[in-house]
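Hi there,

Here is the structure I promised to pass along. Have a look at it first, and my notes on what turned up follow below.

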Amino acid sequence: MTAQPTNLTGLDIRAEIDRLRKERNAVILAHYYQKPEIQDLADFVGDSLELSRKAAESSADVIAFCGVKFMADTAKILSPQKIVVLPDMNAGCSLEDACPPDKFRAFRAAHPDHIALTYINCSTEVKALSDVIVTSSSAETILAQIPADQKIIFGPDRHLGGYLNRKFGRDMLLWPGVCIVHEAFSETELLKLKAQHPGTPVAAHPECPPHIIDHADYVGSTSGILQFAKTFPGDKLIVATEPHIIHQMEKALPEKTFIGAPGADGNCNCNICPYMALNTLEKLYVALRDLQPRIEIEEGLRLRARKSLDRMLEMASGTVGKGDLGRA
């Protein structure tokens with residue numbers, strides 16, 4: 001259950017969060033898709049696995065993960081001895097929802113000659129049913145190590161899996177999940193925007209559907225897109241991912257202009273993740289105050305899920321969090 005912000009009238013929320021951060025020996029993590037005010041007070045801002053690894057390496061006793069539930073679960077998998085809180089337990093993920101563990105288990109049983117290469121945007125239970133977890137930054141390196149004749153199930157994101165199939169000539173069997181944020185981008189509106197800004201490159205997340213990827217000059221994870229923004233030679237960039245990452249771009253590169261790719265309504269409002277938006281400063285304060293809502297994972301399940309994460313780290317430790325899928 002999500003802790004409810006009550007009796008907060010007159011409180012200096014930012015000051016209280018800082019006080020509790022010290023008292024609890026807590027580290028505050030914020031994904032790039034969080035609101036700017038949360039990003040600005042976090043100890044670390046980044047991709048989901050990158051954040052969990054930083055928290056695991058820290059001396060903190062408490063991890064406050066401003067993201068979505070599968071990210072906080074991953075932090076707990078890697079740091080079982082730490083208390084992990086999520087400001088709003090309803091902050092889910094459409095990709096996780098699209099892949100129920102019982103259906104994934106049955107799907108695996110129906111394809112016993114396939115290994116399961118699974119995107120990190122899934123539940124702990126699905127991680128435990130998988131052979132190797134991948135991120136958008138590590139998928140290429142891991143796929144290159146798997147023999148071409150090895151049959152693969154890839155889930156839960158069919159767009160990321162399809163992108164990898166096309167780029168590397170694979171024929172992975174794709175689970176039919178999608179990210180509702182990246183699915184919302186409109187090709188028609190993107191082409192209009194490109195016409196308004198001739199020559200401006202497009203950076204896209206591989207969770208985008210093919211009709212968006214086809215117009216991208218760079219495809220990569222959120223960290224990769226941020227790095228591309230820092231290195232491309234122009235002064236203007238169209239960004240096809242959740243628009244809150246633009247906050248970090250503008251902080252790092254105030255001399256450049258960043259334009260969010262539009263949704264079907266001609267703006268990027270429909271591309272704001274509704275799950276990420278559930279986290280607020282008030283809920284973060286209450287989570288630190290009460291150490292609730294708290295992530296708990298049964299130890300046997302945690303160890304099974306940890307095994308698939310460890311395989312990823314062994315196969316691609318140099319790429320995780322660096323967003324190096326490269327150019328489309």
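Let me start with β11 and β12, which pair in the parallel sense over 4 bridges. Within that pairing, Leu-237 stands opposite Phe-258 in β12. The path from β11 to β12 goes by way of helix α14 (residues 246-252), and together the three elements make a right-handed β-α-β unit.

Please keep in mind that this is a predicted model. The protein chain has an average pLDDT of 92, and 93% of the residues score at least 70. One stretch to treat with care is residues 321-328, where the pLDDT is below 50; even so, this stretch has 41 contacts in the model beyond near neighbours in sequence. Where pLDDT is low, the predicted coordinates should not be read in detail.

Back to the sheet. β11 and β12 belong to an open sheet of 4 strands with the order β10-β9-β11-β12 and parallel pairing. Since β10 (218-219) and β12 (257-260) stand at the edges, each has a single partner strand, so one side of each is left without a neighbour in the sheet. For β10, 2 bridges join it in parallel to strand β9 (residues 202-204), and Ala-203 has Tyr-218 in β10 as its bridge partner. Helix α11 (residues 187-196) lies across β9, β11 (236-240) and β12, and it runs at about 175° to β11.

Is strand β1 (residues 26-31) mostly covered or uncovered? It is mostly covered, as 6 of its 6 residues are buried. Ala-26, Ile-28 and Ala-30 point one way from the strand, while Val-27, Leu-29 and His-31 point the other way, and all are buried. β1 has parallel bridges to two strands that I can point you to: 5 bridges join β1 to strand β3 (residues 62-66), and 3 bridges join β1 to strand β2 (residues 44-46). On the β3 side, Ile-28 stands opposite Ala-64; in β2, Gly-46 is the bridge partner of His-31. A right-handed β-α-β unit is made by β1, helix α2 (residues 36-41) and β2.

Because its relative accessibility is 0%, Gln-34 counts as buried. Its side chain reaches the backbone oxygen of Met-276 at 3.3 Å. Leaving aside residues up to four places away in sequence, Gln-34 touches Gln-39, Cys-66, Gly-67, His-244, Met-276 and Asn-279.

In strand β7 (residues 151-155), 4 of the 5 residues are buried, so the strand is largely enclosed by the rest of the structure. Strand β5 (residues 114-119) pairs with β7 in the parallel sense over 5 bridges, with Ile-115 opposite Ile-152. β7 is also joined in parallel to strand β8 (residues 173-174), by 2 bridges, and here Ile-153 stands opposite Leu-173. The chain crosses from β7 through α9 to β8, and this β-α-β crossover is right-handed.

What caps the N-terminal end of that helix, α9? The cap is Asp-157, with a side-chain oxygen 2.7 Å from the backbone nitrogen of His-159. Several residues in α9 (residues 158-168) are buried, including His-159, Gly-162 and Tyr-163. After the helix comes Gly-169, whose phi is positive, near 65°.

Asp-157 turns up again among the residues that Leu-95 touches, along with Tyr-119, Pro-156 and Glu-207. Leu-95 sits in helix α5 (residues 94-97), and it is buried, with a relative accessible area of 0%. The C-alpha atoms of Leu-95 and Ile-180 are separated by 8.1 Å, though these residues are 85 residues apart along the chain.

Finally, Glu-314 is found in helix α16 (residues 299-316). Is Glu-314 buried or exposed? With a relative accessible area of 65%, Glu-314 is exposed. Between Glu-314 and Ile-142 there are 9.6 Å in space, C-alpha to C-alpha, and the two are 172 residues apart in sequence.

Best wishes

Notes:
Residues numbered from 1 in each chain as written. Predicted model: local features only at pLDDT ≥ 70, side-chain atom pairs only at ≥ 80, totals over all residues. Heavy atoms only, no water. Pairing = 2+ DSSP bridges. Contact = heavy atoms within 4.5 Å. Axes fitted to C-alpha atoms, helices over the stretch in contact; angles between N-to-C directions. pLDDT = per-residue confidence, 0-100. Buried < 20%, exposed > 50% of the residue type's maximum accessible area, 1.4 Å probe, protein only. Right-handed = clockwise from strand over helix to strand, strands pointing away. Polar contact = N/O pair within 3.5 Å; in protein donor to acceptor, adjacent residues only side chain to side chain.
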